[in-house]
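Have the sequence and the 3D view ready.

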Amino acid sequence: MSTGAADAMRNAGAFASDLVRPTVRLGVTGLAGSGKTVFITALVQNLVAGGRLPFFRAVAEERITGAWLEPQPDDTVPRFEIEQHLAQLMGAPPAWPTSTRRISQLRVTLEYAPDSIWRHVTGSRRLHVDIIDYPGEWLLDLPLMRLSYADWSREALMLSRSPARQGFALDWHSFLGTIDPGASEDEQVALKGAGLFTAYLKRCRVEAEAFTGLTPGRFLMPGDLEGSPALTFMPLDLAGDAEPGRGSLAAMMARRYEAYKTHVVRPFFTDHFSRLDRQIVLVDVLSALNAGPDAVTDLGTSLAAVLACFRPGTNDWLSRILSRRIDRIAFAATKADHLHHTSHDRLEAVLGKLTETAITRAQFSGAKVKVMAIAAVRATRESEVRKANEKLPCIIGTPMAGERLGTQTFDGATETAVFPGDLAADADAAIRAAGSQAGDLQFLRFRPPVVKASSGEPRPAFPHIRLDRVLDFLIGDRLT
C-alpha cells in the first residue's frame with residue numbers, strides 16, 4: 001500500500017472516531033529554550049485548576065463545567081510528565097522544569113455547554129484535546145527528506161565555514177582535512193567524525209546560545225538512538241556530483257544518512273506531524289535579540305525552515321480524510337514578562353516580521369494565523385521607579401542564580417527591580433539593533449514565582465500573560 005493511501009485510511013479512521021469522540025490534536029513546538037514544557041504545564045494546570053482565563057470565551061461565559069486528565073490515548077507515545085513538572089514549578093524553591101528531549105503527549109478533556117439555542121436540549125458535551133509536545137529541532141529535519149546526502153553535505157559545510165560558526169568547527173574541520181571520502185569505509189573514522197561534528201553542533205547551540213539551524217536534530221537530542229549507526233555519520237567534502245564508490249567512506253556516510261531519513265525523519269512526519277489539527281510555535285525572540293544580529297538572522301532562517309514543513313489549510317470533511325491540514329497556527333513570543341507591557345506589541349511585531357513569509361503562505365492556504373507575546377508562567381510583576389526626574393517602567397522578580405547585570409551577579413534568592421529597556425517601535429529597527437543595545441535592553445532570566453493556593457483552592461494555577469487568548473484562538477471555536 002502506498003504512503004498516501006495509508007495516510008488516507010488512517011485519516012478516515014480518525015475522522016470517524018472524531019464524530020463519536022470529538023478530538024483536537026494540538027502540536028506544541030519551538031526550538032530549544034523556547035518554553036514548551038512550561039507552556040504545556042501551565043496551560044493544563046490553568047484548565048484543570050480553574051485558573052483565571054478571562055479572555056477564553058468559553059470560560060468567561062461559564063460554559064466549561066469540568067476539565068480533567070485522561071489516560072494516554074496513544075500506546076506508543078510517551079506521556080508528558082506533568083506531575084513531575086508541576087512538582088518542580090511548585091517546589092521550595094520553585095524551579096523551571098527540564099526541557100523537551102523527546103516527543104510526548106497528554107490528553108485533557110473539557111466538558112462544556114454548547115453556545116447555541118440547543119444547549120439546554122443537547123446537554124453538555126466533551127472535547128478531547130491531545131497535546132503533542134515535540135522538539136523544534138526534530139522539525140528542522142523534515143527538509144532533509146528532499147535533500148540527497150551530497151546536497152546536505154554541501155549545505156552543512158557551507159554553514160560551518162561561515163564567519164559566525166567556523167570558530168566552533170575548528171576541530172571537526174581539522175579532522176576532515178585528514179580523511180579521504182574515497183577511502184575504504186572505517187567504523188572508527190565514522191565514530192570520531194560523528195563525535196566531532198556533534199560537538200560542533202553543541203558548541204553552536206550552547207556557547208552561541210541562539211544558533212538554531214542545527215541538523216540533524218537527533219544529534220543534539222538522540223533519545224534512545226544514541227550510539228546507533230543511524231546517528232553515526234557526518235557531512236563530507238565531496239568533489240563534484242559523482243556517486244560515492246561502493247565500499248567507500250562516502251558511501252557509508254550516505255547510507256547512514258538515508259537510514260536516518262527512513263527510520264527517524266519519515267516516521268516522525270507520518271506518525272505524528274501529519275496528524276496535527278492545530279499548532280503553536282513558541283519562539284524565544286528576546287534571547288536572539290540579546291545575542292546579536294547573527295542570532296536573529298539564524299533564528300529567522302530556522303523559523304522559515306520549520307514553517308515550510310507545515311501543511312496549512314482549511315479542514316473540511318473531505319480534506320480531513322484525504323490530507324489532514326493544520327487550520328490554525330499561533331506564533332508566540334515567549335517570556336513577555338521579561339519586558340514591561342508597553343513593549344509587548346513591539347515584541348509581537350518583531351516576531352511577525354521574522355515569520356512574515358510563512359504567515360502569508362499559511363493565510364493564502366486558508367489557515368488562520370495569530371501572533372502573540374505571552375508568558376505561560378509570569379515570573380515578574382510591574383512597577384515604576386524614579387531615576388533623577390524620570391519615572392521608569394520596571395519589572396520586579398528574582399533573577400536566576402548567576403545572572404549578571406553590569407557588575408552585579410545575582411544569587412537566585414534576592415528580588416530586584418529591573419528596567420529592561422524599550423524595544424524600538426519599528427520592528428526592522430529593533431532587529432537591526434539586536435545586540436548593540438546592551439546598555440539599554442537587559443533581558444535577565446527570572447526564577448519561577450512562588451505560587452500558593454488561596455483559601456478553598458486546593459490546586460493553585462499559575463499567573464500568566466495571554467494564555468487565555470492563546471486557548472481561545474486554538475480551541476475556542478471547537479467549544480461552540
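Start with Glu-61 and Arg-57, whose side chains form a salt bridge, 3.1 Å from N to O. Keep in mind that this is a predicted model. Glu-61 is partly exposed, because its relative accessibility is 37%, and Arg-57 is partly exposed too, at 36%. The two belong to a network of salt bridges that also links Arg-63 and Asp-115. In total, the structure holds 22 salt bridges.

Next, look for Arg-256 and Glu-187, where the side chains meet in a salt bridge of 2.7 Å, N to O. Arg-256 sits in helix H10 (residues 249–271) and Glu-187 in helix H9 (residues 187–207), so this pair ties together parts that are 69 residues apart in sequence. Arg-256 counts as buried, with 9% relative accessibility, while Glu-187 is partly exposed at 36%.

Now hop over to Asp-284 and Lys-335, another side-chain salt bridge, at 2.9 Å from N to O. What does this pair tie together? Asp-284 lies in the loop between strand S5 (278–283) and helix H11 (285–291), and Lys-335 in the loop between strand S6 (328–333) and helix H14 (344–354), so the bridge joins parts that are 51 residues apart in sequence. Asp-284 is buried at 13% relative accessibility, and Lys-335 is partly exposed at 26%.

Thr-37 counts as buried, because its relative accessibility is 4%. Leaving aside residues up to four places away in sequence, Thr-37 touches Phe-80, His-85, Pro-97, Thr-98, Ser-99 and Thr-100.

How values were computed: Residues numbered from 1 in each chain as written. Predicted model: local features only at pLDDT ≥ 70, side-chain atom pairs only at ≥ 80, totals over all residues. Heavy atoms only, no water. Buried < 20%, exposed > 50% of the residue type's maximum accessible area, 1.4 Å probe, protein only. Contact = heavy atoms within 4.5 Å. Salt bridge = Lys/Arg side-chain N within 4 Å of Asp/Glu carboxyl O. Helix = DSSP H or I, 4+ residues; strand = E, 2+ residues; numbered from the N terminus.
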